[in-house]
Amino acid sequence: DHQPEDIKCKCAFTGINVNANYAAEKHRDANNEGPSAIKAFGKFTGGTLRYWPKDRQRPKPPLSSLPASDAVVMDLRRKLTLFDGNCAHAVDKFTGERFSLVFFTTKGYQKIGEKDKAVMKKLGFQLPTPKLMATMKAAARDAYG
């Protein structure tokens, strides 16, 4: 119902992470499906997201082996941004007060019990489906090559 204009595909998530003044080191999200939407707020300088969209090989190479030149730099203040959290990403150092919201879907989302699904739907949550997750993964992949 409230599809953000910044993201071109329909999205559904099972969790929201709220960060305050946190600059994540380079990492890959381990326990989510991948597609995440992120937005930063506050009065700060720096704090851009560095994202390695081509970090898709299996097995995953060490994070230290990823060339800095392969990273896409995103200013998260401008818009809600869809990316694949299973690919390497990091937040640059910043000064000031920085907050971010990260929407994501946990692995095993299909195991949500019927009672919990009913409560979530009643509260207005759009629940992920395998088809929707495939669409979101493709959109996150296609956005950055």
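Modeller: Helices (H or I, at least four residues) and strands (E, at least two) are DSSP runs, numbered from the N terminus. Helix 1, for example, spans residues 114-122 and includes Val119. The model is predicted, with pLDDT of at least 70 required for local features and 80 or more for side-chain atom pairs, while totals for chains, interfaces and linings use all residues. Residues are numbered from 1 along each chain as its sequence is written, and side-chain values use heavy atoms, leaving out hydrogens and water.

Four strands make up an open sheet in the order 1-7-2-5, with antiparallel pairing (two strands pair if DSSP finds at least two bridges between them). Strand 1 (15-20) and strand 5 (81-84) form its edges, each pairing on one side only. From one strand to the next, the twist averages 25° (axes are lines fitted to C-alpha atoms, for helices over the stretch in contact, and angles run from 0 to 180 degrees between N-to-C directions). Within the sheet, strand 2 (residues 35-46) and strand 7 (residues 94-104) are joined in the antiparallel sense over ten bridges. Lys39 has Leu101 of strand 7 as its bridge partner. Helix 2 (residues 130-143) packs on this sheet and touches strand 2 and strand 5, where contact means heavy atoms within 4.5 Å. The direction of helix 2 makes about 95° with that of strand 5.

Asn21 is found in the loop between strand 1 and strand 2. Although Asn21 is not a glycine, its phi is positive, at about 55°. Asn21 counts as partly exposed because its relative accessible area is 43% (buried is under 20%, exposed over 50%, partly exposed in between, with a 1.4 Å probe and protein chains only).

Strand 3 (residues 49-51) contains Arg50, which is also partly exposed, its relative accessible area being 30%. Leaving aside residues up to four places away in sequence, the contacts of Arg50 include Ala71, Val72 and Val73, as well as Ala88, His89, Ala90 and Asp92. Val91 is 41 residues from Arg50 in sequence, yet their C-alpha atoms are 6.1 Å apart.

The loop between strand 3 and strand 4 (72-74) holds Pro59. The peptide bond joining Arg58 and Pro59 is cis, with omega of about -10°.
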